[in-house]
Amino acid sequence: MKQEIRKQRPVQRRTEILFILAILAGFCWLNTGWAAEVYTWKDADGVTHFSDMPPESGDAQQIEVEEAYYPGSSGAYTEEESGASEPSGEDDNPMTENPQKLTDQRRERLARDRQERKDAKAETEALCEQNRQLLERLEPARRVFFTDETGEEVRLDDEQRVGLVEEAKDFIAKNCR
């Protein structure tokens, strides 16, 4: 008799645990309905916020959960807001597109952006060097000569020289390290 009771307890215990887990899973499933209201708004600084509660000012836009963004989607927001372009292809569902294709597109976009930043930085550094050289040539000299469009050698007057020195210093202060 005692052996039967001992055998029944582990089985009964497992059944109780499975029952409790089923109830917890049910609560988790019901909890997803509570997050159905999502609000978005921009603050005074232009920062976009997302929350399950609207701001105190009340000027928020409600987003349905079905419209929420998921990686690779483009239908939830306009192009101006997201900066993303529509996926190419016959099917508008981004989940049916090849994930490798989406990854490759993102890598290409990141590489292109990185190259543009690198080119802009190189251009700025070249302009900084030109302005430094101009400043070295113009600042200590009282008489500065240059060749104009016609090929004649012309002397800069003091006002022109001082103006060019100030422009070079301003550029260097704003754009150079």
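Guide: Let us start with a term. A disulfide is a pair of cysteine sulfur atoms within 2.5 Å. Keep in mind that this is a predicted model.

Visitor: What makes C128 and C176 a disulfide?

Guide: Their sulfur atoms are 1.8 Å apart. The cut-off is within 2.5 Å, so the pair qualifies. A search of the whole structure finds 1 disulfide.

Visitor: Which parts does the pair tie together?

Guide: C128 lies in helix α3, and C176 lies in the segment after α4, so the link joins parts that are 48 residues apart in sequence.

Visitor: What is the handedness of the link between C128 and C176?

Guide: It is left-handed, with -105° about the S-S bond.

Visitor: Why does C128 count as buried?

Guide: Its relative accessibility is 3%. Buried means under 20%, so C128 passes. C176 comes to 15%, which is also under 20%, so C176 counts as buried too.

Visitor: How much of the protein is buried?

Guide: Buried residues make up 12% of the 177 residues. The protein exposes about 15400 Å², and carbon and sulfur atoms supply 52% of that area.

Visitor: Which elements does the protein have, and in what order?

Guide: There are 4 helices and 5 strands. From the N terminus on, they run α-β-β-β-α-α-β-β-α.

Visitor: How do you know that the span of α3 is close to the expected one?

Guide: Helix α3 covers residues 99-138, which is 40 residues.

Visitor: What caps the N-terminal end of α3?

Guide: N98 does. A side-chain oxygen of N98 lies 3.0 Å from the backbone nitrogen of Q100.

Visitor: Which residues of α3 are buried, and what do they pack against?

Guide: The buried ones are C128, N131, L135 and L138. They pack against β4, β5 and α4.

Visitor: Why is A168 called buried?

Guide: A168 has a relative accessible area of 1%. The limit is under 20%, so the label holds. A168 sits in helix α4, residues 158-175. Not counting residues up to four places away in sequence, A168 touches N131 and L135. A168 and L127 are 41 residues apart in sequence, and their C-alpha atoms are 9.8 Å apart.

Visitor: What makes β4 and β5 a pair?

Guide: Two strands pair if there are at least two bridges between them, and 4 bridges join β4 to β5, so they pair. The two strands run antiparallel. F145 stands opposite R155 in β5. The hairpin of β4 and β5 has 5 residues between the strands, and there G151 takes a positive phi near 95°.

Visitor: Is T40 buried or exposed?

Guide: T40 has 11% relative accessibility. That is under 20%, so T40 counts as buried. T40 is in strand β1, residues 37-42.

Visitor: What does the side chain of T40 reach?

Guide: The T40 side chain reaches the backbone oxygen of H49 at 3.1 Å. Leaving aside neighbours within four places in sequence, T40 is in contact with several residues, including T48, F50 and I63.

Key: Residues numbered from 1 in each chain as written. Predicted model: local features only at pLDDT ≥ 70, side-chain atom pairs only at ≥ 80, totals over all residues. Heavy atoms only, no water. Buried < 20%, exposed > 50% of the residue type's maximum accessible area, 1.4 Å probe, protein only. Contact = heavy atoms within 4.5 Å. Polar contact = N/O pair within 3.5 Å; in protein donor to acceptor, adjacent residues only side chain to side chain. Expected span 1.5 Å × (residues − 1). Areas by Shrake-Rupley, 256 points an atom, 1.4 Å probe, with all protein chains shown as cover.
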